[in-house]
Amino acid sequence: MSVVEVTSVKKSFGSLEVLKDVSFSVDRGQVVVLIGRSGSGKSTMLRCLNGLEQIDAGDILIDGFRVSERGANLRQLRQDVGIVFQHYNLFPHLTVERNITLALTVVKKMPQKEARAIAERVLAQVGLAEKIDAYPEQLSGGQQQRVAIARCLAASPKVMLFDEVTSALDPELKEEVLQVVEDLARNGMTMVLVTHEMGFARHVADRVIFMHQGRIHESGPPKELFEAPKTPEMRQFIAATRA
């Protein structure tokens with residue numbers, strides 16, 4: 001059953017057409033990875049899924065919620081659709097616990113004790129239970145990114161979006177974050193990821209979508225796309241990632 005339905009989506013910034021008639025779906029528990037060169041429209045598509053960008057035409061449905069509808073309740077949407085960016089966006093003056101519980105207590109009006117219990121649970125899920133009272137500056141970049149993932153998990157989202165979550169990290173820190181994402185995939189979280197980590201895409205994705213100049217150029221299981229690309233653009237992209 002499809003949780004995410006993207007139909008004929010178009011998006012322009014001024015005269016620049018960034019998304020050109022993009023359509024795809026994501027089934028419950030599926031991991032879909034968007035790949036392609038910088039400027040191909042991947043991150044814009046991800047931001048449209050979360051309502052951070054308003055589409056110009058087409059339709060986006062997430063678990064029956066019409067994201068593309070004018071005046072849609074985006075606060076409700078963002079409780080169901082978590083997004084993690086390459087920069088962690090943690091509040092530096094708040095502890096790890098408060099970074100995670102802030103939305104729970106302010107938006108959902110949850111008691112602090114209940115919110116802390118959730119923070120403890122999601123931090124354990126990302127391997128950082130002992131850092132609950134730390135401040136972001138006391139954490140490595142990889143740990144901060146894992147806190148950002150835990151903050152998303154605290155809202156019990158139906159879908160999680162990841163936009164280049166390892167691109168700001170040193171190589172040794174990338175692995176700890178990718179491991180957390182892989183664990184989420186193994187536990188059935190529905191995810192859409194934008195990444196340049198081709199090895200990770202091969203290993204974790206159920207389906208890979210190759211975007212080129214604002215369109216879906218190729219789509220299929222990772223083995224099929226990486227081992228038998230159908231277009232010269234995909235072949236060139238794979239060759240460039242191996243260089």
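Predicted model: local features only at pLDDT ≥ 70, side-chain atom pairs only at ≥ 80, totals over all residues.
User: Let's start with Gln 86. Where is it found?
Analyst: Gln 86 sits in a loop, the one between strand 6 (81-84) and helix 3 (96-106).

User: Is Gln 86 buried, exposed or partly exposed?
Analyst: Partly exposed, because its relative accessible area is 28%, and the buried class stops under 20% while exposed starts over 50%.

User: OK, and which residues does Gln 86 touch, leaving out those up to four places away in sequence?
Analyst: Gln 145, Asp 163, Glu 164, Val 165, Ser 167 and Ala 168.

User: What does the side chain of Gln 86 make a polar contact with?
Analyst: With the side chain of His 87, at 3.3 Å.

User: Switching to strand 8. How many of its residues are buried?
Analyst: 5 of 5, over residues 190-194. Thr 190, Val 192 and Val 194 point one way, while Met 191 and Leu 193 point the other way.

User: Which strands does strand 8 pair with?
Analyst: Strand 3 (residues 31-35) is joined to strand 8 by 4 bridges, running parallel. Strand 7 (residues 159-163) also pairs with strand 8 in the parallel sense, over 5 bridges.

User: Which residues stand opposite Val 192 and Met 191?
Analyst: Val 32 stands opposite Val 192, and Met 160 stands opposite Met 191.

User: And what do strand 7, helix 6 and strand 8 make?
Analyst: A right-handed β-α-β unit, with helix 6 covering residues 171-186.

Key:
Residues numbered from 1 in each chain as written. Heavy atoms only, no water. Helix = DSSP H or I, 4+ residues; strand = E, 2+ residues; numbered from the N terminus. Buried < 20%, exposed > 50% of the residue type's maximum accessible area, 1.4 Å probe, protein only. Contact = heavy atoms within 4.5 Å. Polar contact = N/O pair within 3.5 Å; in protein donor to acceptor, adjacent residues only side chain to side chain. Pairing = 2+ DSSP bridges. Right-handed = clockwise from strand over helix to strand, strands pointing away.
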